[in-house]
Amino acid sequence: MFTGILPALVTPLNEDHTVNERVVRELLEYELTQGADGFYITGATGEGLVMRPEARMDMAEIAVNQLAGRKPCIAHVAAVDLETTLRLARHAERAGCDCVAAIPPIYFPYGQDEIYRYYHAISEAVHIPVMIYHHPAAGVELPADFIKRLFEIDNIRAVKWSYPNYFEMLRLKDITHGEMNILNGPDETLLCGLAVGADAGIGTTYNFLLPEFKALYAAFRAGEMRQALVEQQKIDRIIHVLFSYPLIPATKAVMRCKGFDVGHATDTMKRLTAEEAETLILSLTQAGLKL
């Protein structure tokens, strides 16, 4: 079971959209010193869906090699086509990842039977745990009762819950008798997720707010709810500013400001101008960000 605070790692990219191995290794070491309890790679924050499969494989291999078993590595493997999804899943297992995650199939309308077959195919392709990535961008909301049905498939052990519907998260924890590993997705409401049963958090802003999220998590686990709320409020002042910008380009701008040459977001996402980046950083620091 995954617990604690796991950064959804940005993917350091070169101009040709290959993975910058040196910076990946530097970034992982930095996040470990900050207290990361594991890593989630090539998800939404990691731009996996718009990366070439070969680059995603490179990222998995580099991350696992650098971590060397010190903390778990979860690789998001979903692609537009199932064949590539399965290829990435098998590769992630061979590379040594501890778990593979996947959003539901996207673009076309899929019913629950089709989604069930999709996750069943991923489960059959690997021998490591499979995580459902429940994200609004997939265009389908998965009710707790349906996720419980998916939980009965071999290898499906967890869900990264990025929907704001915490009533359904609470129900899922209840109807799976606390056995399904639930990881909160929305950074701005980690405390909400923990309060209704999430075991851990995976998030974008954990890249540069890891100590703050660790403090929130520790306060919650200690039963210090008032302090946990204070920590969430401090975090959300920063996130409120960040939400005024495109998330991935802005996050990468912050990481560059912290000294990590993570490159820019994949085309055709916006590139912040030098002036925009400067304004962003100033606004974030005024909201409480420590660089």
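This report covers salt bridges in a predicted model.

## Overall count

The whole structure holds 13 salt bridges.

## Asp-37 and Lys-214

Asp-37 pairs with Lys-214 in a salt bridge. Their closest N and O atoms are 3.1 Å apart. Asp-37 sits in the loop between α1 (21-33) and β2 (39-41), and Lys-214 sits in helix α8 (residues 206-221), so the contact ties together parts that are 177 residues apart in sequence.

The two partners fall into separate accessibility classes. Asp-37 has 18% relative accessibility and counts as buried, because the cut-off for buried is under 20%. Lys-214, at 27%, counts as partly exposed.

## Asp-145 and Arg-171

A salt bridge also joins the side chains of Asp-145 and Arg-171, with an N to O distance of 3.2 Å. This pair links distant parts of the chain. Asp-145 belongs to helix α5 (residues 144-151) and Arg-171 to helix α6 (residues 166-175), 26 residues apart.

Asp-145 is partly exposed at 46% relative accessibility. Arg-171 is partly exposed at 22%.

Glu-152 and Lys-148 meet through their side chains in a salt bridge, at 3.4 Å from N to O. Glu-152 reaches 56% relative accessibility and counts as exposed, because exposed means over 50%. Lys-148 has a relative accessible area of 28% and is partly exposed.

Elsewhere, salt bridges with shared partners connect Asp-145, Glu-168 and Arg-171 into one network.

Note on methods:
Residues are numbered from 1 along each chain as its sequence is written. This is a predicted model: local features need pLDDT of at least 70, side-chain atom pairs count only at pLDDT 80 or more; totals for chains, interfaces and linings use all residues. Side-chain values use heavy atoms; hydrogens and water are left out. A salt bridge is a side-chain nitrogen of Lys or Arg within 4 Å of a carboxyl oxygen of Asp or Glu. Helices (H or I, at least four residues) and strands (E, at least two) are DSSP runs, numbered from the N terminus. Buried means under 20% relative accessible area, exposed over 50%, partly exposed in between (1.4 Å probe, protein chains only).
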